[in-house]
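This report describes selected local features of one protein structure.

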Amino acid sequence: MSKKLAFCCAAVVFVFLGCAVREPLQICPGADSVAQALSSLNAGSKNAGSFKANGQCRVGYLDEAGEPQTQNFPVRLWMDPPTQMYLQGDIFLMPGGIVLGSNSDEFWLLLKPKEISSYFWGDWAQAGYFDELMINPRMVTEAMGVAAVGSGAVDSMADWSLSNQGPFDVLAEHNHEGRVVKKVYVYCCDYTVRKIEYFDPQGEIAVVTELDRYKQIAESFYVPMSVRITERPGDDSGNSAKITLRSAKAATFSDKLRNFVFKRPKRRGLKNGYEIVDGEMVKRW
């Protein structure tokens, strides 16, 4: 499977976008230090609770022949912070045609339509910064505000720097080699994340996530009702997607539901299997 196809399949699942015209943002004082910025940013994730949401997804991409294509389908999302997530998309008239999930140990992506028929999975401890799949469950939890920035096995090796650009504090994450792997743009007036840039090993922007229209669903916990993810903006790849979330609300999950949606499923007859190891897709069948 090509990297382009892998992105197109993944982008179908992960992207949330509204179409409202944005008003100019106010300018507010930013954080005084990296520690203060990370602390303020992560305060929301500490208050995150279980919730469910649903919406409609539209994805645009170029097929293998270079022709523009679009898909439009409903999605449903269940999240139990900080690591448990399940997202289902009913694509090609197939209920649950795409399933994305994660728990504290593993993550997975099932693409069931026969034109794709692929299964991706990996252990968080061995995944590294993988860009073969381009978008992954870590991005989803970060976008939804339930994953703390500056924590975890990978982040523990990272270094952060802080700058200010107009209305935004910009937190740049550097890996142990000093390379920038991610930039987080935080709106200084309310300290919500408005954009995340993910960088490839060559230092180029690989994926951009844009977030907007935050909704309060619990005390001190807000979820963006609008998110957009685009692959390599400006290179005419055509790979982007959007969803308008119709609803998002706090929820209590039963043990039966948790054991079903937050557990990595079996192969279920999918033709292609890829494990993510040290940032690479390794074909297993």
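## A buried glutamate

Glu142 counts as buried, at 7% relative accessibility; buried means under 20% relative accessible area, exposed over 50%, and partly exposed in between, with a 1.4 Å probe and protein chains only. Glu142 belongs to helix H4 (residues 137-143). Helices (H or I, at least four residues) and strands (E, at least two) are DSSP runs, numbered from the N terminus.

The side chain of Glu142 makes a polar contact with that of Tyr198, at 2.5 Å. Such a contact is a pair of N or O atoms within 3.5 Å; within protein, one must be able to donate a hydrogen and the other to accept it, and residues adjacent in sequence count only if both atoms are side-chain atoms. Apart from neighbours within four places in sequence, Glu142 is in contact (heavy atoms within 4.5 Å) with Ala147, Lys182, Ile196 and Tyr198.

## Basis of the model

The model is predicted: local features need pLDDT of at least 70, side-chain atom pairs count only at pLDDT 80 or more, and totals for chains, interfaces and linings use all residues. Residues are numbered from 1 along each chain as its sequence is written, and side-chain values use heavy atoms, with hydrogens and water left out.

## The disulfide and a further cysteine

The whole structure contains one disulfide, defined as a pair of cysteine sulfur atoms within 2.5 Å. The sulfur atoms of Cys28 and Cys189 are 1.9 Å apart in this disulfide. The pair, 161 residues apart, links distant parts of the chain.

Cys28 is partly exposed at 23% relative accessibility, and Cys189 is partly exposed at 30%. The sulfur of Cys188 is 6.9 Å from its closest cysteine sulfur, in Cys189, and therefore too far for a bond.
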